Amino acid sequence: MEGRPEDDSELVARARRGDVAAYEEIVRRYQQVAFRTAYMITGSAAEAEDAAQDGFMKAYRALDGFRSGAPPRPWLLRIVANEARNRVRSTQRRLGLELRLAEGFRPGDAAPSPEAASVAAEDRNRLLRFVNALDEEDRLVITSRYFLELSGAETAAALGIPEGTVKSRLSRSLARLRAKLEEAPRG
Amino acid sequence: MAELEQQLIALGAELDWPATPDLAARTYLPARRSHQVTSPQAGKYPAKPGDGEIQAGIAHGRWGGASGTYLERRWALAAVAVVIALAALVAYQPSRDAIANWLNVHTSIQRVLHLATPSPQPPGPLGERLGLGGRTTLTAARKQVTWHIGIPSSLGQPDEVYLQPPADAPAQGEVTLVYATRPGIAVAGQTGVSVLITEARGAVNQNFFGKMLGPGTTLEEVSVAGHQGYWIAGAPNVFFFTDANGNFRNETMRLATNTLILDDGGTVVRIEGNLTKAQALQIAASLG
């Protein structure tokens with residue numbers, strides 16, 4: 001058993017018994033996906049940080065109502081995303097989200113030839129420009145599903161819609177993105 | 001999986017996301033104390049459900065769903081959580097011991113990146129403007145509460161005294177002493193007086209005050225004659241009172257200046273003014 005990461009349900013059970021360290025471990029596990037989900041919704045790193053922090057605090061307080069054995073990730077994402085949406089609604093402003101590509105290669109990447117790298121970068125930039133230009137509804141479902149790689153249930157939780165709606169919305173959003181990519185000339 | 005979907009997943013791995021903050025370190029979590037009960041404290045104000053009982057979690061029922069304004073929700077959150085994001089503490093990493101201690105001063109404190117700007121205070125009498133309750137005398141106030149109202153000998157008798165009725169105050173009452181002007185202490189723009197001292201007493205699990213601190217405000221643990229306290233200084237912070245149920249009282253939200261909060265044998269004392277730390281500690285030490 002030694003060295004085995006504790007599973008989520010064990011951590012939740014400990015947290016519900018009052019173990020603050022267990023909840024901190026839950027926060028540590030999911031803070032990145034929660035923060036990025038909030039960032040996609042608010043378009044602001046500062047607002048996303050506040051939303052994620054408030055969401056985790058709210059979830060902590062609501063642990064008694066959390067269903068034993070259920071995965072905490074969708075539940076946490078739902079709470080954080082709600083916080084993020086509330087902020088957007090309350091401030092009545094949404095910052096335009098402009099996702100950008102990271103510069104340079106990630107560790108472990110094989111270095112391509114300069115020509116191949118140039119073409120690949122151009123393709124990625126083009127695709128990202130089209131994603132950024134999508135309507136919010138299309139962009140959120142695509143970024144949740146593919147950029148954050150949320151499951152269907154998690155996407156539903158993050159967007160506050162039924163899981164069945166995620167599928168249909170994703171299908172329509174992808175079709176619109178594909179059509180725009182095909183319509184627009186390269187270069 | 002279609003090519004476009006594969007491209008999107010690959011693209012997601014290449015994105016330049018903002019750095020994820022270490023929320024686990026910054027989010028202060030109070031210990032969840034379940035099923036502990038202490039004896040309700042006797043008082044002239046009638047006891048309310050929950051008095052003397054440490055609730056599971058901190059504050060059931062204060063979230064209030066999605067209604068209310070942004071600030072109300074934000075402050076409600078701050079008030080219920082008794083959560084302190086301790087970014088301002090020197091070490092940025094509070095010890096576990098510090099967690100329990102925060103509860104003693106019945107104050108919810110939240111660290112935020114962007115401090116909310118409260119609406120300007122409406123014109124009117126001081127008590128109304130600052131949400132202090134009704135004006136009274138020290139003698140009358142003493143008859144209304146069961147606990148001892150401390151008077152700082154270094155400041156002398158207060159110029160005005162206010163008593164907050166139970167519906168809008170901690171279960172055992174809240175008294176504010178006003179020192180309009182005092183030598184060596186400039187009048188604070190946030191209050192219009194030199195020093196405000198608010199004393200309150202209520203259920204052990206109840207919050208009386210709330211604070212929101214921006215990046216320019218510091219927070220420091222202090223000790224006054226063996227009583228634990230916290231010194232909040234620097235840039236103005238946002239302050240609010242809570243009602244008898246610990247709920248945020250929207251109308252009392254205002255900017256506050258340097259403040260010392262301490263636990264004086266079960267009475268929470270809050271000293272606010274354009275004070276140095278030494279002046280605040282001196283005032284606190286002279287409470288008698």
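**Exercises on a predicted complex**

Read along the sequence, chain A of this predicted model runs α-α-α-α-α-α-α-α. Let's work through it together.

**Exercise 1.** Find how many helices and strands chain A has, and what share of its residues is buried.

*Solution.* Start with the elements: chain A holds 8 helices and 0 strands. Next, turn to burial, where 39% of the 187 residues of chain A count as buried. Finally, look at sequence separation: of the contacts in chain A that join residues at least 6 apart, 64% link residues at least 24 apart.

**Exercise 2.** Decide whether helix 6 of chain A is mostly covered or mostly open, and list its buried residues.

*Solution.* First, locate helix 6 of chain A at residues 136-147. Then apply the cut-off for a buried residue, 20 or more other C-beta atoms within 10 Å of its own. In helix 6 of chain A, 10 of the 12 residues pass, and the helix is mostly covered. They are D138(A), R139(A), L140(A), V141(A), I142(A), T143(A), S144(A), R145(A), Y146(A) and F147(A). Now step just past the helix: E149(A) has a positive phi of about 55°.

**Exercise 3.** Work out which part of chain B has pLDDT under 50, and which of its elements have the lowest and highest mean pLDDT.

*Solution.* Begin with the chain average: chain B has a pLDDT of 68, with 59% of the residues at 70 or above. By element, strand 2 (residues 53-54) of chain B has the lowest mean, 21, while strand 6 (residues 174-179) of chain B has the highest, 93. Residues 32-103 of chain B stay under 50, and the model has 144 contacts beyond four places in sequence for them. Where pLDDT is low, predicted coordinates should not be read in detail. For the complex, the predictor gives an ipTM of 0.84 and a pTM of 0.48.

Terms used:
Residues numbered from 1 in each chain as written. Chains lettered and ligands numbered in written order. Predicted model: local features only at pLDDT ≥ 70, side-chain atom pairs only at ≥ 80, totals over all residues. Helix = DSSP H or I, 4+ residues; strand = E, 2+ residues; numbered from the N terminus. Contact = placed C-beta atoms within 7 Å. pLDDT = per-residue confidence, 0-100.
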